[in-house]
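Student: I would like to learn how to read a few features of a model, going from the overall fold to single residues and then to the contact between chains. Could we take them one at a time?

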Amino acid sequence: MKHAVNTKDKGGSIAKIESRGEKIFDISVKILGVVLIFLCLYPIYYVFIASISRPLYVENGQVMFTPVLATLESYREAFQTPWLWTSFGNSIFYTLCGVMVNMFFSTTMAYALSRPRLIFRKFFTLLAVFTMWFSAGIIPMYMTFRDFNLLDTRIAIIFGFSISTYNMIILKSFFEQVPASLEEAAFIDGASDFRIFAQVYLPLSKPSLATVALFYAVNRWNGYFWPMNLLTSDEKVPLQVLLKKLLVDRTANEMESAIITAQSLTSQTTVIYALIILAIIPMAIAYPFIQKYFKSGITLGANKG
Amino acid sequence: MSLRKSNQEIQLRTHKSLGRRFLSSWQLLILLAPGLIWYLMFCYKPMIGLRMAFYDYNIFRGFEGSTFVGFENFKIYIQGPDFWRTIKNTLMIAIWQMVICFPAPILLAIIVTEMKGKVIKKTLQTATFLPYFISTVVVCGMVVNFLSPSTGIINKFIELFGGDATYFMVYPQYFRPIYTIMTLWQTAGFNAVVYIAALMGIDPELYEAALVDGAGRFQRIWHITLPGIIPTVVTMFVMNIGKMVKVGYESILLLYQPSTYSTADVISTYSFRMGIQNGDYGIATAAGLFEAVIALILVVFANKLSKRLTETSLW
């Protein structure tokens with residue numbers, strides 16, 4: 001294959017090869033990219049168009065790429081789901097309070113562990129890190145909540161999961177990157193450790209704190225496993241646990257639905273799809289922030305292991 | 001006054017008397033306390049609870065009222081019919097993940113970096129990153145509904161191409177593919193971020209030099225891009241070995257059902273079912289402890305491997 005090499009001095013002399021092979025390659029990569037974008041977004045798009053279509057056309061497979069006889073009736077019905085708004089409120093409550101608790105416990109501990117001065121520093125760090133390699137597992141954890149009389153309490157959800165070791169270690173390495181001269185200068189001015197932590201280190205690491213808070217928030221909002229096991233009363237359950245009952249358990253017993261005609265405006269399926277869209281909306285709103293802050297966190301986390 | 005304080009500070013650092021070091025860091029210890037207490041209460045207390053594995057544990061009578069049975073619970077688990085099934089399934093799901101879900105983000109990262117055109121590149125990144133943030137419950141709900149034999153879109157497509165609708169969720173042979181594809185959709189874009197960052201760190205001069213030498217696109221990917229991210233790939237691979245037995249029980253619990261236990265039931269789902277659902281706490285804890293010990297061995301092994309391969313340990 002012949003390559004016609006012509007060096008263009010465009011914005012920093014990046015050499016560029018023009019050849020048929022290159023063009024075919026570029027086009028194939030683009031086609032592949034479009035296919036991947038489609039595969040990632042189609043499931044969500046389908047849920048959306050099915051949620052606003054008439055059930056008969058969803059059931060007989062006419063809804064594939066565009067909605068048929070659009071109606072918002074499924075959403076009206078989804079809004080009336082018992083406990084939906086309670087659980088939505090609970091999720092907001094658990095996420096807000098939970099993240100505040102997470103950040104309090106994680107930043108204080110991470111700061112203390114990041115100071116070389118701390119007595120038994122290695123031992124304390126190992127104590128935390130060891131839990132990443134070895135954890136007692138589901139049953140002893142459940143029993144612990146039972147022993148503390150925390151079953152079916154909101155406190156269990158908020159305080160029982162105060163620290164994710166992974167996030168705490170990320171914070172610790174953020175604090176370690178702050179130049180030590182700042183701490184020394186504050187020391188000479190007679191500031192206490194509490195003041196140095198709260199008035200020097202926390203304001204300096206705002207973007208990092210935002211990243212970790214977002215990590216925690218996404219986990220809090222999306223988690224279902226422990227709330228499902230620890231909470232038994234309907235009025236305390238967060239959205240994900242309710243959704244589990246509505247989306248997964250209900251469809252597991254197929255064929256309970258009534259007969260669907262061309263006049264039907266909703267069906268079990270379309271209402272489920274409407275609920276899925278409602279559940280995705282808060283995440284979609286937060287997505288721009290997530291994209292902004294998450295990536296730096298992931299790369300750092302991977303480097304720190 | 002303040003100068004004396006900092007002098008004291010320096011002295012304390014040189015003289016490593018325990019009492020003095022304690023004095024110099026008592027404020028830090030107060031900052032450490034909440035987290036430390038939390039770790040003791042919610043990570044180390046459960047570890048003490050692991051002794052349940054050696055008792056015929058009765059939840060109402062506690063340890064005093066339960067009989068110590070030694071390794072009886074382990075015997076029941078290991079000799080029972082579920083042992084090999086859970087081991088095999090854990091291993092098989094881990095292998096499916098390693099073979100399909102592990103390389104996919106690397107490929108995706110290469111596609112993203114090779115992509116010309118800013119708009120499509122950004123759209124691709126945004127679109128592949130998005131599914132990670134949809135909750136497990138919602139993703140599993142979508143899977144279950146998409147695969148429904150009467151209304152699911154997957155079966156509608158199959159019927160469109162002349163096939164017969166199948167109730168995929170009840171057949172054991174479909175479980176691993178379903179679970180793997182779901183995980184792929186959820187995590188490929190998220191995991192690609194690390195590789196994209198690594199690819200952007202490759203010295204552009206290498207590419208320019210290769211261009212001058214007349215290397216084509218595939219040659220450049222093969223000789224520059226791939227060697228450039230091998231260290232990252234090795235690190236990620238080793239980390240994955242450490243996490244191998246911890247297959248995603250949270251989503252398996254939502255997707256499996258009695259008819260697919262033969263391919264879907266892993267150690268943690270077994271432990272969960274035995275304990276929380278059947279109330280057999282002794283056996284459940286024994287299975288959980290068995291899994292935790294294997295996980296620990298794998299992590300130690302992974303770290304040894306990482307030390308040898310990349311000369312940097314994971315911790």
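Student: How many helices and strands are there in chain B?

Tutor: Helices (H or I, at least four residues) and strands (E, at least two) are DSSP runs, numbered from the N terminus, and by that reading chain B has 17 helices and 2 strands. This is a predicted model, in which local features need pLDDT of at least 70 and side-chain atom pairs count only at pLDDT 80 or more, while totals for chains, interfaces and linings use all residues. Residues are numbered from 1 along each chain as its sequence is written, and chains are lettered from A and ligands numbered from 1 in the order in which they are written.

Student: What is the radius of gyration of chain B, and what would a compact globule of 315 residues have?

Tutor: The radius is taken over C-alpha atoms, and the globule rule is 2.2 Å times the number of residues to the power 0.38. Chain B has 26 Å, whereas the value for a compact globule of 315 residues would be near 20 Å; the C-alpha trace of chain B spans about 75 × 60 × 35 Å along its principal axes.

Student: Is A:Leu246 buried or exposed?

Tutor: A residue is buried if 20 or more other C-beta atoms lie within 10 Å of its own, exposed if 12 or fewer, and partly exposed in between, with C-beta atoms placed from the backbone. A:Leu246, in helix α13 (residues 239–252) of chain A, counts as buried because it has 23 C-beta neighbours inside 10 Å. In chain B, 37% of the 315 residues count as buried.

Student: Which residues does A:Leu246 touch, not counting residues up to four places away in sequence?

Tutor: Two residues are in contact if their C-beta atoms, placed from the backbone, lie within 7 Å, and on that basis A:Leu246 touches A:Thr81, A:Ile272 and A:Leu275.

Student: What is the phi of A:Leu69?

Tutor: Most residues other than glycine have a negative phi. The phi of A:Leu69, however, is positive, near 50 degrees, and this residue lies in the loop between α2 (55–59) and α3 (73–79) of chain A. A:Leu69 counts as partly exposed because it has 13 C-beta neighbours inside 10 Å.

Student: How many residues does the contact take from chain A and from chain B?

Tutor: The contact takes 89 residues from chain A and 88 residues from chain B. On the side of chain A that touches chain B, helix α1 (residues 20–51) gives the most, with 15 residues.
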